[in-house]
Amino acid sequence: MSFSERSLRRNFCRPGAGCLQGIVNKVFAGAGRAIVSALVTVVSLLFLSTSGRGSDSWLMDRGDLAATGAIEQTLPDELEELWRFEAGDAVEGSAIVVNQSVIVATVDGKLHSISLQNGQSEWKQETEAGFLASPTSDSKMVVIGDLDGIVRAFDVTSGELLWSHETDGEINAGAALVDDLVLVTSQDGSLYGLDRKSGERRWTYTTGDQIRCRPTVVGGRTFLGGCDGSLHSVSVVDGTKAAEPMPLDGPTGSTPAVVGAMAVLPTHGGSVLAFDWEAGKQLWSYSDPERGQEYRTSAAMTKDIVVVASQNRQVVAIDPKDGHALWSTPLRRRSDSSPVIAGDDVWVAATDGRLYRLGLVDGKEKWQYEIKGGFLASPAIAQGRLIVATDAGTVICFGGKEPAKS
């Protein structure tokens, strides 16, 4: 399958706290299920308020299990290109940063581990099928699914294959590592719960259509937006339905972003929808008041702001309290890459090869950098550096400018 064919298929319809579930269940083995569930929710939300949002790592697509695409760290005002690495083919999934390594996957089936410090190759694995998904790591192993539907786990230090598991459909999104499970979605319409050590299947949750998003995990549940036009809520423990699916205005391939009890999900129907996942109800809906458009990317979200990029070459900030637009910034070309919030900034990578730094408060452009090729992969930010990869296979690392030598 060629790169253009893969892109067409991807555009057609278009990975904390879960580990607490097992602990609470063991401690309160004699308690009622409702009490245990409530405790898990409260403790998980407190845990997720900081989990995955530090400055040392970016272990999965969207940065944390809640898929917020946001960290508290603001990058230095003056950035420069520190190194480049040629991966050999297009990179569509976000890079991740684990320990002192950057890990990226290409559409021709190569998984690279690169030194964060100097951009030199550390190890490489090759598979027969390509990768559209982003890798996911827990600092010990790297998990990724391919276009043949095979999920593999590799040792993060050596690249040694640890296990593999075959699903029944193409895998387009990263996995979530929760407690002793690996959660991964497939185009066969299923969410798989795999044993973290062996890769053996523990349970399967099936929807009515393809799933192209990464599982979002909060409060002992995983949330899925699907091509069936529903937001699903599934128990991490056993893969059963945790609540009735909530209807969307159309299919989606976006990953739900969750802060507190609010889940935000853009759709192909042209809306950004917010739900109270605890109450099981929709809170608000935002759509472009001037021109209908679809959303193929995921939202970046904090408790104070939601940022989305549309197919109409607009980056829009939305007030999570009521869903009204705070600001809108036009781009020269559309962004097929999900935005990332880092402290006071929003980072957006566009299809024309421009990387934008916008002010979070007002959306005003602070900086841009043009690179040959375009972006499908979202930026990754950790240890004061930003890493992004192009559809030509070039991985670029930016960091603060070094002081001039006397």
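Reader: How many helices and how many strands does the protein have?

Author: In this predicted model, the protein has 3 helices and 33 strands.

Reader: What makes β9 and β10 a pair?

Author: Two strands pair if there are at least two bridges between them, and β9 (residues 150-155) and β10 (residues 161-166) share 5 bridges in the antiparallel sense, so they meet the definition of a pair. Within this pairing, Val151 stands opposite His165 of β10, while in the hairpin, where 5 residues lie between the strands, Gly159 takes a positive phi near 80°.

Reader: What share of the 406 residues counts as buried?

Author: The share is 63%, and each residue counted has under 20% relative accessible area, because that is what buried means here. The protein exposes about 15,500 Å², of which carbon and sulfur atoms supply 47%.

Reader: Which residues touch the most other members of the largest nonpolar core?

Author: They are Val102, Trp347, Ile381, Leu386, Ile387, Val395 and Phe398, in a core of 34 residues. At least two core residues come from each of β2, β4, β27, β28, β31, β32 and β33. Apart from this core lies another of 28 residues, including Met60 and Trp123.

Reader: Which residues does Ile387 touch, not counting those up to four places away in sequence?

Author: Contact requires heavy atoms within 4.5 Å, and with those sequence neighbours left out, Ile387 touches Ala95, Val97, Val102, Leu116, Ser378, Pro379, Ala380, Val395, Ile396 and Cys397.

How values were computed:
Residues are numbered from 1 along each chain as its sequence is written. This is a predicted model: local features need pLDDT of at least 70, side-chain atom pairs count only at pLDDT 80 or more; totals for chains, interfaces and linings use all residues. Side-chain values use heavy atoms; hydrogens and water are left out. A nonpolar core is a set of buried Ala, Val, Leu, Ile, Met, Phe, Trp, Tyr and Cys residues joined through side-chain atoms within 4.5 Å. Buried means under 20% relative accessible area, exposed over 50%, partly exposed in between (1.4 Å probe, protein chains only). Helices (H or I, at least four residues) and strands (E, at least two) are DSSP runs, numbered from the N terminus. Accessible areas come from the Shrake-Rupley method with a 1.4 Å probe; for residues, only the protein chains shown count as cover.
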